Amino acid sequence: MSKTSSHLTAGLAPRERFADKVVVVTGASRGIGESIGLAFANEGAKVIAIARSAMDQTKFTPVNFDFANANQKQIRELVDEIIAKHGRIDVLVNNAGIIRRAPAVDFSEQDWDDVLRVNLTSPFFLTQAVAKWWLDKGRAASPNDSRLKIVNIASLLSFQGGITVPAYAASKHGIAGITKALANEWAKERINVNAIAPGYISTDNTRALRENPTRNQAIKDRIPQGDWGQPHDISGAVLFLASHDADYVNGAILNVDGGWLAR
Ligand SMILES: NC(=O)c1ccc[n+]([C@@H]2O[C@H](COP(=O)([O-])OP(=O)(O)OC[C@H]3O[C@@H](n4cnc5c(N)ncnc54)[C@H](OP(=O)(O)O)[C@@H]3O)[C@@H](O)[C@H]2O)c1
């Protein structure tokens, strides 16, 4: 049952917390990112969905962009284009991510560079470009009580090392680090920078693990709640961090993991 319908069955009016807000979600062509985009669209937001492949989502404004082959200048031009077309950005969700698996002794430089570029370097420069617009123009053109909201999608591997995923662990520890570093620098500028650490979520990114009966069972046995999470389990927490309800939350990393990190 999706969040919105549970709200309706509770007899409450559908929430429109993001009416007239422009929300950028990276990696919105499937999985967690698509679910986050849908959740924002269901609450009235204009969702700019960024990914490489075509997105047939009537609810999104799709933008095709490859974060694996983009430099700081190209990312800044992407933000300039979005601002020119849509006037503003109120929320940025850095969700796009890849994972490459190999024993650390055999890990290739290409895989290392690709993972760090998509999961850490490009999100940093995208966030930098959006914050620069906010500090230069956006803030002055916004109601006094509004704040720019940045939500990064981190991982359990922001806290743990994992097995045969050294670049992924490095990138997700890095995302946790810049979440805190940027919150420190921008909290006084009406900007919130926070992150979500999803547990094991059923998407393309984790298909290999679910299709391995031994690993699949071992993971389910290790999760206090006993099963994999679903993409929509993440979107609710992202919308909270992006809402006024979290205006005093800054530099936080919220685990959404069925209790994994508590054990
Ligand atoms: N699933 C989990 O258990 C889990 C757990 C913790 C954290 N996470 C994190 O959650 C985020 C989403 O993961 P997911 O499980 O939903 O993965 P997914 O199903 O593989 O989706 C990844 C998304 O990222 C986009 N993407 C990948 N490379 C890109 C590139 N070079 N340029 C632009 N977009 C790119 C993909 O779109 P295109 O291929 O169309 O470009 C896709 O929309 C990632 O940051 C992941 O690390 C996932």
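User: Let's start with R100. What does R100 form a salt bridge with, and how far apart are the closest N and O atoms?
Analyst: R100 pairs with D111 in a salt bridge, and their closest N and O atoms are 2.9 Å apart. Keep in mind that this is a predicted model.

User: Ok, and which parts of the chain does the pair link?
Analyst: Distant parts: R100 is in the loop between β4 (91-94) and α4 (109-138), while D111 belongs to helix α4. The two are eleven residues apart.

User: How many salt bridges does the structure hold?
Analyst: Ten salt bridges.

User: Which residues come nearest to the ligand?
Analyst: There are 31 residues around the ligand, and R52, S53, N95, Y168 and T203 come nearest.

User: What's the class breakdown of that shell?
Analyst: The shell has 15 nonpolar, eleven polar and five charged residues.

User: What about T203, how far is a polar side-chain atom from a ligand oxygen?
Analyst: A polar side-chain atom of T203 is 2.4 Å from an oxygen atom of the ligand.

User: And which backbone atoms lie 2.7 Å from a ligand oxygen?
Analyst: For N95, a polar backbone atom is 2.7 Å from an oxygen atom of the ligand. For I201, a backbone N or O atom also lies 2.7 Å from a ligand oxygen.

User: How much of the ligand's exposed area does the protein bury?
Analyst: The protein buries 96% of the 880 Å² that the ligand exposes when taken alone.

Terms used
Residues are numbered from 1 along each chain as its sequence is written. This is a predicted model: local features need pLDDT of at least 70, side-chain atom pairs count only at pLDDT 80 or more; totals for chains, interfaces and linings use all residues. Side-chain values use heavy atoms; hydrogens and water are left out. A residue is near a molecule or strand if one of its heavy atoms lies within 4 Å of it. A polar contact is a pair of N or O atoms within 3.5 Å; within protein, one must be able to donate a hydrogen and the other to accept it, and residues adjacent in sequence count only if both atoms are side-chain atoms. Accessible areas come from the Shrake-Rupley method with a 1.4 Å probe; for residues, only the protein chains shown count as cover. Ala, Val, Leu, Ile, Met, Phe, Trp, Tyr, Cys and Pro count as nonpolar, Asp, Glu, Lys and Arg as charged, and the others, Gly among them, as polar. A salt bridge is a side-chain nitrogen of Lys or Arg within 4 Å of a carboxyl oxygen of Asp or Glu. Helices (H or I, at least four residues) and strands (E, at least two) are DSSP runs, numbered from the N terminus.
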